[in-house]
Amino acid sequence: MRLPPVTTKPVVDSEAQLRALLSGLSGVDAVGADARAAKLATRSLKKSTKLIAIDLAISMVDLTTLEGADTPGKVSSLCAKARRPDPLDESVPSAAAVCVYPDLVAHARAALRGSSVKVASVATAFPSGRASLAVKLLDVRDAVSAGADEIDMVIDRGAFLSGRLGLVYDEVVAVKEACGDAHLKVILEAGELVTYDNVRKASWLAMLGGADFIKTSTGKVSVNSTLPTCLVMLEAVRDFAEMTGALVGVKVAGGIRTTKDALRYLVLVNETTGSVWLTPDRFRIGASSLLNDLLMQRVKQRRGVYPRPDEFSAD
Amino acid sequence: MSDRLDVLKTYKLLVNGAFPRSESGRSYEVTDSTGEFLANVAQGSRKDIRDAVVAARGAQAKWWSATAYNRGQVIYRLAEMAESRREELAEHVALAEGMKPKLARESVARAIDRTVWYAGWTDKVAQVIGSSNPVAGPFFNFSVPTPSGVVGVLADQHSSLEAFVDAVLAPICVGNTVVALASERRPTPAVLLGEMTATSDFPPGVLNIITGVTGELAPILAAHEDVDGIDLAGVDEGFADELAFAAATSIKRVLRDGSGSSLRRLRAFIETATVWHTIGQ
Amino acid sequence: MSDLTSSPLGSLEYDPAPESIAVAQLRESYGLFIDGEFTDPAHHESFVTLNPATEQPLANVAQASSDDVDRAVAAARRTYEAVWKKTTGAERAKYLFRIARLIQERSRELAVVETLDNGKAIRESRDIDIPLAAAHFFYYAGWADKLDYAGFGPNPQPLGVAGQIIPWNFPLLMAAWKLAPALAAGNTCVLKPAETTPLSALILAEILQQAELPPGVVNIVTGDGSTGAALVDHPGVDKIAFTGSTDVGRLIQQRVASSHKHLTLELGGKGANIVFEDAPVDEMIEGIIDGIFFNQGHVCCAGSRLLVQESIADEVVRRLIRRVDQLRVGDPLDKNTDVGAINSAAQLDRIKELSGYGEVEGATRYTSSCALPDRGYWFAPTIFTDVSQSHRIAREEIFGPVLSVLTFRTPEEAVAKANNTSYGLACGVWSEKGSRTLWVAERLRAGVIWANTYNRFDPASPFGGVRESGFGREGGRHGLEAYLDV
């Protein structure tokens, strides 16, 4: 048997092969993964590191609104916030992206024109993914043609859990193709995959299918991103990079509301994949209320006192 | 001609399921309680101890990995064998200890009953002294008794069968293998019991019996570094101190007071192995 | 892609996050804790305990002579007969609960003192040593009035006066392991802390005062080996419990051979961490790292021998080396430190000497690239590959951050190699296959077996060794046996 040479992406040309590849991945001991994440969460960031980390976290935020009640007005104010999170302080970096539903991409595109902030759109019958591939692809093309720089797709968890891995993989490949130049983030919805073993397998499946990012969750189910889930995904992108040379990003989403939470994720990245991933190109945080907490902590670190929340815009 | 000339028996060692004469070729004279010649008994040597320890070590893993049910069956089989040779055992005990026949028969009966008692312990010990431990974390944690390994037994010098049965079967029933020094002056009941193990499915090496001069052999056994534990209950205090000192070199488990058949005796050569395993989906 | 962990962009360099030492208000000097009070030693001798991370003196500590040990044993005996024996189990329980609570209340202070005196990382003293010490008292407190139910027959009796000698690697935790079951069972104690780490036990003495434990129930005599020897030899002691090296344990067993003292020994080890090719790889790497570098490798149950299945050996070593370079070695008071200072100059010498044999005997050495502080006692985490069973580094307990990597081919060979030692304290097994894990666990000659984890401790879990790792158990129901006449 000949092993693929180092830094070669494995070719997947059958479901059996995909299955064999994913079965060959090491299992995850849930207790160990939880313990490792918990241990890293005790890292203590002080002074200058904290300031750097807060700015880094701001620059990684995918400022998100994914509500049925979203309007162009809401999206516009969110875009303004993403461009200049703190209008009184120019040194605050912009957020990484604004993340909206496909029908609001055009508004976001217009509102962000001239800025470095990307437009991200969820697609593929977000959040459940329960639609035909044809509908999903239309959803993607719609968003891309409206100007989305990034597409956040969901995998078919039902297919994954029932073992139809080839179907899940084919969808990722098809969506990637439909994305064209847009970057593809593949949402695993870890809360529905339940086990870390599944998260690891789904991570590899997505990466093999062409994901530019793998993303923990939609934010629409009860269990969102957790530190150990993120840890398992970071291990996957690290190992994938070692095998193929491709650096896939990780996006955590859902339930990340405080600076403390965000910094814990950054520590996790720092200690798992190393600093190569400590950039908005490879690590994102999907959030909405987090941004204000980051701003507040930023001011606190500089001013030494806790500012009043109303100092920051409520968007 | 009415008197038939008796066929005399040679009392040999029990090593690895075989009955060799002493490697040294020596024997010593054993008398009954009145001083009458009883038998020439093999006088074990340093090398016999060595061979017995090798045999015991070789047999230990397999004896322990046999099911507890199976170990119980084997020990119960010994009781069956002894039961059918009660009279013979009683005769030896009576001669060796100078007991009245009735008392000797009672002593043998008790020894056999003790054997049955130990047969029943094999598959209970783990439930009585093992445990599942509620640790503060996502771990399944359990403690099981495991045998110390090879146990040296210095048998009681006076009680030639009853005490011998307690001393050897307690460690054996929990999975140890034994090298026993029989009572120096009263060895024949122990030798006889050893012969019975040969017809009781005892795997070779599980029980090894050396006869000879305790003062010469005990220090060898106590100092032997491949012996994991030693029962000193059968020797007097001053000598036991000396042997306990020698035993310390290899951190042996030492039983000084083995009186009776308490749980303490069973625990004396038991280790507790605690296994942790993560619990997660 | 050879090294993804370091980047020209620079990593998130953590600033120092030192724990404040203000909380640790050490006295200039400490006397012996006898009969409920700190007293001067009979011969007014003392020694200095150092901070191994800085080589700075921390406090003067009394050197107990045999006269002082005499006094301590007499106090323990008197209290045993007059007070403690008559104290009901329920009352003893309440004292122990009090002690547990007071340890929790003063946990930050204790953690800092432990780190100052021992050199261990504050993260470990804060998250492991001190909470576990409190938990141990809490656990045994509950036993004190339930001894009839402990499985040793009705009304089990204490032994009397227990002499307890503890090591320097987990000073307060080892004191808790010794004192809690002894007191729960109704014994009185004379505790001898290690020479290089007496301070947390002396803070504990203050806690015992605060708990209003009757004077003389626990007596603490600080000193060197001669103090320990006096305690071992003392005719008024009914029980010796010792944790430390096998060499000293052997001497103690010899010394008590002609007495009727009860004895339990928790000695050295050369734990094998067995890694099968189907192990959960990331957690396994963490487990190996924790297994040997936890507490600078000053752990009797450390997984100092890595037995890795040959088919994944290169991969495991590659990942290990990547991981070992990430360990943060340095100021033990920094909350981000993973590996602290070696406890003493003598221990550092021993680690250097033994690891020196590694190269001489042909093993390949990898030492972490971490920078070490200029002052204090330090040893960079080290991994030896190409190690054989016959190498000294595979046989002798180094008691430092040094891992020896060996390989095996089959489960049978793994067990044979793991058992090929006179020790038998702890082993690890890493595999996703339950049946094989249990098969291996059943055959390992060790008192503790960790499956898919390592270096876990809990008051409910019996701990202790087989063969030359000692006898007796600490923790759990089994731990009571060491202090009851059963």
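Predicted model: local features only at pLDDT ≥ 70, side-chain atom pairs only at ≥ 80, totals over all residues.
Let's start inside chain A, at strand β4(A), where both faces are covered: A:E150, A:D152 and A:V154 on one side, and A:I151 and A:M153 on the other, are all buried. Buried here means that 20 or more other C-beta atoms, placed from the backbone, lie within 10 Å of the residue's own. Strands are DSSP runs of E with at least two residues, helices are runs of H or I with at least four, and both are numbered from the N terminus.

Residues are numbered from 1 along each chain as its sequence is written, and chains are lettered from A and ligands numbered from 1 in the order in which they are written.

Now for the neighbours of β4(A). Strand β3 of chain A (residues 118–122) runs parallel to β4(A) and is joined to it by three bridges; two strands pair if DSSP finds at least two bridges between them. Here A:V122 has A:D152 as its bridge partner. Strand β5 of chain A (residues 183–187) also pairs with β4(A) in the parallel sense, over five bridges, and A:E150 finds its partner in A:H183. Together, β3(A), helix α6 of chain A (residues 133–145) and β4(A) form a right-handed β-α-β unit: with the strands pointing away from the viewer, the path from the first strand over the helix to the second runs clockwise.

Stepping back, chain A has 13 helices and eight strands. Its radius of gyration, taken over C-alpha atoms, is 19 Å, close to the 20 Å that the globule rule (2.2 Å times the number of residues to the power 0.38) gives for 315 residues, so chain A is as compact as a globular protein of that length. Of those 315 residues, 58% are buried.

Chain C holds 14 helices and 18 strands. Of its 486 residues, 62% count as buried, and its C-alpha atoms fill a box of roughly 70 × 50 × 35 Å along the principal axes.

Finally, look at where chain B meets chain A: five residues of chain B are in contact with six of chain A, contact meaning that C-beta atoms placed from the backbone lie within 7 Å.

Definitions and conventions: Contact = placed C-beta atoms within 7 Å. Buried ≥ 20, exposed ≤ 12 C-beta atoms within 10 Å, placed from the backbone.
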